[in-house]
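Work through the exercises below with the model open. Each task is followed by its solution.

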Amino acid sequence: MTAGQVLLDAASKAGFYGLMTRSMGPQIRGGEAAALLRISTRPISSLDDHYDLLVAFDWGNINRFAAELPLSADSLVLADPTHGAMPEPIAAYGARAADLALKDIAATIPGGRVNMVGVGAAAALIGLPLDAVLQVVTTQLARKGEAVLAASTAAIKAGAEAAAALPATARLPEHAHDGAPRWNISGNEAAGLGALRGGIKFVAAYPITPATEVLEWLAPALEKTGGVLVQAEDELASINMVIGGSFAGLPSLTATSGPGLALMTESLGLAVASETPLVLVDVMRGGPSTGIPTKSEQSDLNIAVYGLHGDAPHVVVAPTSITDCLFTTQWAVYLAEALQTPALVLSDQAMGQSRIVAPQPQPAPFKAQRLVAEGGLETYQRYALTDSGVSPMAIPGTPGGQYVADGLEHNERGTPSSQASDHQAQMDKRADKLSTFDYGAHWADIEGEGDIAVITWGAVSGPVGEAIERAKAQGMKIRQISLRLLLPASPERMAEALAGVRRILIAEQTHGQQFTKFLRAHYDLPAERVVVNRPGPLPIRPNEILSRLLAWK
Amino acid sequence: MTVQTSLTAQDFKSDVKPIWCPGCGDYAVLSAVTKAMAELGRPREDIAFISGIGCSSRIPAYTNVYGFHGVHGRALAIAAGVKLARPDLTVIAAGGDGDGLSIGGNHFMHACRRNVDMTYIVMDNQVYGMTKGQASPTTAPDWCNSKLTPEGTGISPVEPARLALASGANFIARGFAGNPNEVARLIVEGIHHPGFSFIHVLSPCVTYRPEQREWKNVVHPGEGDPSKAIAEAMQRLSTDDGYTTGVLFAGTRPAFMPARHEKASMAEIEGKFLS
Ligand SMILES: Cc1ncc(C[n+]2csc(CCOP(=O)(O)OP(=O)(O)O)c2C)c(N)n1
Ligand code: SF4
Ligand SMILES: [Mg+2]
């Protein structure tokens, strides 16, 4: 991981853009892990079809994740000969191989480590300026003292020298920094920042992979900006603490992953019924049950959309890229507060735990803005029927606004009621406030034109975008629709977006085609369609989409 | 703190008619709670009253403060959220023995140890009233009047005050619905005591446990000094018959409240991402 981080940071220093995802085994510490990088002269939001260079520090447990390291015949595999022959699943790719005596080289340097030798060799091979690498290491290791820094510097240089004797591999072009400010951020950090920018002041949560970094980033950031984060005893507590914090007047958020979301669903219904705004960031991992905690999937869609008991209209949004985790989470804060309802943000491990070097994100205007009841409360009714369906919320401390928030069906005043007319009226209210709201153009990212459309969402939007670019280069015209707003559905906007489209491809990372079924339930789709779907953890690659698109050429 | 007001217990009652059976102990708890609220001298809007689900949990709707009637078992979590978000409010949570000790048992333990400055009233009738008379965690093992457990549960009950002490509650008291003035006094004392205060109220269910009408003959005031060390309280509660009323333990742990600072601008925080 350190090696990957150094290379990504160095690429950024040298003016490139980049993306790094990670593949982690089940071990708590150590064990197999791979840092998967793509470096480019322009902003990217997807991994490529294969890797040009694989530096193997060892072959431990390679069978478990070789499938996540696709190589081509042109790729180069560097490995220390003392680790033995190239294991079968890697050899099967038919890539070129070369020996790099990582251990021996490291041994010539006091305190020298193989990973830094590998960094030096990789940087030299791909044409990443050594200066940039050394600068990054100098900043990163400043705290660790002179000796460590000297050892690392020497190891990197030795690796770079050794690269001269190695076969050539794909190289980065000469490239000057364009001077534009850029950020190095993970999806989980971006979600945390989106929450903060949106105005979140209270967070309660229970740790779970791969969502914990959202919380770990938020804890100090909130504390420094007058907010509070509490570690709850479980997800039942965290969602209810968040409901309490929000009822008390603070924009509130929790973050979790599938198992935690499952525990929270009863209380999400309470937030719907009591019209208590909150944001829930769900960083999806492989399911069901404990599933594959460290790896990505989009399979919480069903529970997020349909998991609440009763008719419980709520908001579900999904970021379309790592950087968009910022925008979408910030938007979710705005929506939850404006609509007084829970807003779920469906991120995933592939976005959450990946880092990107990207242009500095544009600020978005969205802020928590709750309609609150302030004066003239003599006849205050918390759940008053209004044109928008949103009724002013009295915040504790406001004289005359006392009411009892309730998950029991209630009348306009909030008094429990099992009367048919109250149930109908309050159900209409809770549904209408969502369906009549103007979500603007953010409901989806739509690009391109033509009579073919690819509909996708979340992390799969990246490879789809890249596939469409390549198809365009081959003369095809294709439209991309990446949904950001999943609930409520926007049938009119979708009809507009699909105008003139005859064929669609749907791409998603689930086994059961959850997204496809969701689309079919909510939208009129052209009959001619193809679905590209697969469960995690193997990400859908651009060429898989491309080959399906080219069949329509 | 807002200025002293001169509201009466009646001012803290709402006009919503309770769903409780005639004679239910919860009426007296309602009187005690509203009396305690009046004695606090705080305006109605500065009090938040949070509950779960059950007959007893209906109580916030019958008061005139800000309330939350949540889902079964989670009153303490909502209440902690309210207090952590808004330390300026007086936060009271209430509910039944099933709500607080069965489905919400985990939150009870953690509320005791977290020690957020709030007060929790458990209206214990040793039965699930709302669902029409099943055994709760405080029901005796040989109680056979539920169709669900016709032979009794065979499981020994939990004694709420002992559980609270073991879990680290900072203030523990027991009252009896038949003596609402004492209950009111205990609630006020609990609210004034820093940290988490637990008020265990024996509140008869006249419908499913009519024999609890006899409680008036078995409750008795406690002996011993509640402010003594925890070891003494452990000793005392380990032999307690469960009907002792009064303050059972008053600890000295400071209340939990995370610090808040405004020491960084968004620009500083976001600057870390510049690369
Ligand atoms: C998740 C869930 N499970 C079960 C119920 C059904 N239920 C409602 S109240 C209750 C028990 C209430 O007992 P207690 O808390 O002792 O309150 P009481 O009615 O005795 O005052 C149960 C099991 C529910 N509302 N929600
Ligand atoms: S069932 Fe029991 S607890 Fe419920 S209202 Fe009636 S008497 Fe009270
Ligand atoms: Mg009960």
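**Exercise 1. Find which residues surround ligand 1, and classify them.**

Step 1. Collect residues whose C-beta atom, placed from the backbone, lies within 6 Å of the ligand. This gives 18 residues around ligand 1. The closest are B:Gly54, B:Gly96, B:Gly98, B:Asp99 and B:Gly129.

Step 2. Assign elements, using DSSP runs numbered from the N terminus (helices: H or I, at least four residues; strands: E, at least two). Strand S3 (90-96) and helix H3 (97-103) of chain B each give two or more residues to this shell. H3(B) gives the most, with three.

Step 3. Sort by class: Ala, Val, Leu, Ile, Met, Phe, Trp, Tyr, Cys and Pro are nonpolar, Asp, Glu, Lys and Arg charged, and the others, Gly among them, polar. The shell has six nonpolar, 10 polar and two charged residues.

The model is predicted: local features need pLDDT of at least 70, side-chain atom pairs count only at pLDDT 80 or more, and totals for chains, interfaces and linings use all residues. Residues are numbered from 1 along each chain as its sequence is written, while chains are lettered from A and ligands numbered from 1 in the order written.

**Exercise 2. State the make-up and extent of chain B.**

Step 1. Count elements: nine helices and eight strands.

Step 2. Read the extent. The C-alpha trace of chain B spans about 70 × 40 × 40 Å along its principal axes.
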